[in-house]
Amino acid sequence: MTRQRTIWLVLILLLLLPLFFIVGGALLAGDGRNGRSGEGALTVFAAASLSDAFEAMGRQFEAAHPDVRVTFNFAGSQQLAQQLAQGAPGDVFASANVQQMAAVVESGRIEADAVETFAYNRLVVALPPDNPAGLSRLSDLTRPGVRLALADEAVPAGRYALTFLERAAEAPELGADFEERALANVVSYEQNVRTVLTKVALGEADAGIVYASDAAAAEVETIEIPEGLNPRASYPMAPLEDAERPALAEAFVNFVLSDRGQQTMAEFGFIPAGAPGAREAAPEEASP
Amino acid sequence: MSRSPHRPRRTLEPRNRWWLLSLPLLLFLALPLAALILRSSPRQVWLNVQQPAVYQAIVVSLRTSVAATGVTVLLGTPAAYLMARRSFRGKRALDTLLDLPTVLPPAVSGVALLMAFGRRGIAGGALEAAGVDIAFTQVAVVLAQTFVASPFYLRSAILGFAAVEPELAQSAALDGAGEWAVFRHVILPLSRSALLSGAMMTWARALGEFGATIIFAGNFPGRTQTMPLAIYLGFELELDVALTLSVILLALSFLVLIGVRGLLGREGE
């Protein structure tokens with residue numbers, strides 16, 4: 001009899017286990033939210049290509065606002081847009097392209113008027129430091145046997161790379177078959193622009209098309225892509241409408257747009273969004 | 001499924017209680033799978049399968065996972081025999097090592113494979129010098145799948161081999177059978193269902209491999225893009241395609257499990 005009762009008990013406990021997880025998870029999630037909305041906590045959703053620049057930006061912002069803690073959620077813009085559309089709590093969204101920002105605006109989390117372009121990015125060809133394939137010009141990318149890595153077209157960087165190849169077909173110095181022959185050398189469409197860079201830095205790929213800002217931070221050589229062929233990636237950002245600390249969110253956006261913030265963007269290989277000093281950082285306004 | 005007739009018939013009440021207690025977990029497991037099927041129609045699946053991207057992913061997946069299973073059976077059977085019927089120093093450590101890939105995050109496996117067999121990896125450089133090109137090829141996909149999935153076969157085969165009574169092998173040996181003959185005619189037939197079900201589990205796991213593949217083999221439609229990779233990238237571009245491939249993988253996994261149960265069940269009778 002006792003054995004049977006023990007079996008019963010164990011089984012009931014096992015069956016209750018999922019319930020514990022659900023309840024525990026809900027409690028933990030609640031905790032996380034409370035922690036986040038505590039004194040001066042700011043959550044920024046930012047595109048993966050912004051990670052280095054925004055880490056630095058976050059430290060500078062924290063230095064200017066000593067009681068503020070900035071946490072980042074870095075991922076592909078499309079992933080972030082999806083998370084936000086599904087209601088993930090946050091304060092600021094910084095996207096690597098206009099489409100994903102538009103998606104979040106459409107979901108109602110961001111007001112269209114609040115969106116500001118804070119930087120531009122351009123593409124470069126990244127090469128491993130020892131350049132095993134001996135590439136020196138864009139036209140070398142079509143040489144048979146060169147292993148070229150691009151980001152997948154689901155990722156903004158991948159779409160920009162395809163745009164560049166399309167435009168290159170019209171450039172007389174590269175030739176009409178440049179796009180076709182370059183695409184024939186593609187060995188992988190990577191899941192994001194950072195993995196393209198990693199595969200190049202590791203020497204797995206002979207070349208990869210990445211953002212100039214990514215290449216600036218990594219140990220890779222580069223081949224420049226001429227202005228006319230180079231798609232310019234716009235980086236828009238905005239505070240979320242339902243931000244738990246709207247004043248802080250606003251202050252962070254202003255900080256990125258300020259001279260100081262724009263200079264940081266430039267240091268990390270981005271093109272600042274013109275009109276320096278158009279908006280000044282306003283720390284007083286933000287102090288909680 | 002037949003209820004034994006001589007067991008005394010219980011009242012309905014405790015049985016209902018069992019059902020009631022089981023329901024939350026059963027529902028929790030069944031609902032997402034049902035949702036996957038409800039969100040797509042057979043017509044939609046059929047139309048999507050004809051898209052080159054989907055069709056190619058299925059072909060790549062089937063080719064690589066069958067190859068990975070073949071490699072595993074070929075090289076894993078001797079290893080399993082060794083583990084099951086010999087004792088040697090360091091056996092326990094090796095036993096743990098064999099299980100490691102099943103608990104490692106697949107992404108870790110991918111990075112490890114890259115460091116070993118990548119072009120600049122420990123073994124990759126020598127391989128490339130020898131003219132063997134692994135990076136970004138289907139071979140890389142097979143390696144990733146084998147690394148992650150072979151422990152399932154090994155585990156099952158070791159158990160199968162170990163379950164054969166030593167007396168059977170001994171008496172066969174007394175009758176003059178050599179070790180190879182004993183293996184071939186006594187041990188192998190007796191552990192057949194364990195080997196087969198292990199191979200099927202390995203195949204199913206290889207079919208679902210994602211993390212190690214995308215890191216080690218990259219992603220190229222028709223070459224290294226398997227079904228899980230196409231689902232991951234398609235999820236952001238075309239949900240429809242991701243749904244179709246998910247339904248196919250679900251169906252295949254289901255069939256594998258039914259097959260394994262059938263095998264083990266038949267042998268058990």
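Predicted model: local features only at pLDDT ≥ 70, side-chain atom pairs only at ≥ 80, totals over all residues.
User: How many helices and strands does chain A have?

Analyst: Helices (H or I, at least four residues) and strands (E, at least two) are DSSP runs, numbered from the N terminus. Chain A has 11 helices and 11 strands.

User: What share of chain A is buried?

Analyst: A residue is buried if 20 or more other C-beta atoms lie within 10 Å of its own, exposed if 12 or fewer, and partly exposed in between, with C-beta atoms placed from the backbone. Of the 288 residues in chain A, 45% are buried. Strand 1 (residues 41-47) of chain A is mostly covered, with 6 of its 7 residues buried. For a case in chain B, take B:V59 in helix 3 (residues 52-85) of chain B: B:V59 is partly exposed because 13 other C-beta atoms lie within 10 Å.

User: Which strands pair with strand 1 of chain A?

Analyst: Two strands pair if DSSP finds at least two bridges between them. Strand 1 of chain A pairs in the parallel sense with strand 2 (residues 69-75) of chain A over 7 bridges, and A:A41 stands opposite A:R69 there. From strand 1 of chain A the chain crosses through helix 2 of chain A to strand 2 of chain A, a right-handed β-α-β crossover (with the strands pointing away from the viewer, the path from the first strand over the helix to the second runs clockwise). Strand 1 of chain A also pairs in the parallel sense with strand 3 (residues 92-94) of chain A, over 3 bridges, where A:V92 is the bridge partner of A:V44.

User: What is the strand order in the open sheet of 5 strands?

Analyst: In chain A the order is 7-6-8-5-9, with mixed pairing. Strand 7 and strand 9 (221-224) of chain A stand at the edges, each with a single partner strand, so one side of each has no neighbour in the sheet. Inside this sheet, strand 6 (residues 148-151) and strand 8 (residues 207-211) of chain A pair in the parallel sense over 2 bridges.

User: Where do the buried residues of helix 10 of chain A fall?

Analyst: In helix 10 (residues 259-267) of chain A, A:G261, A:Q262, A:T264 and A:M265 are buried. Seen down the axis of helix 10 of chain A, they fall within an arc of 155 degrees, so they line one face of the helix; the arc is that of the directions from the helix axis to the C-beta atoms. After helix 10 of chain A comes A:G269, with a positive phi near 90 degrees.

User: How many residues does each chain bring to the contact?

Analyst: Two residues are in contact if their C-beta atoms, placed from the backbone, lie within 7 Å. Chain A brings 17 residues and chain B brings 18 residues. On the side of chain A that touches chain B, strand 7 of chain A gives the most, with 5 residues.

Conventions. Residues numbered from 1 in each chain as written. Chains lettered and ligands numbered in written order.
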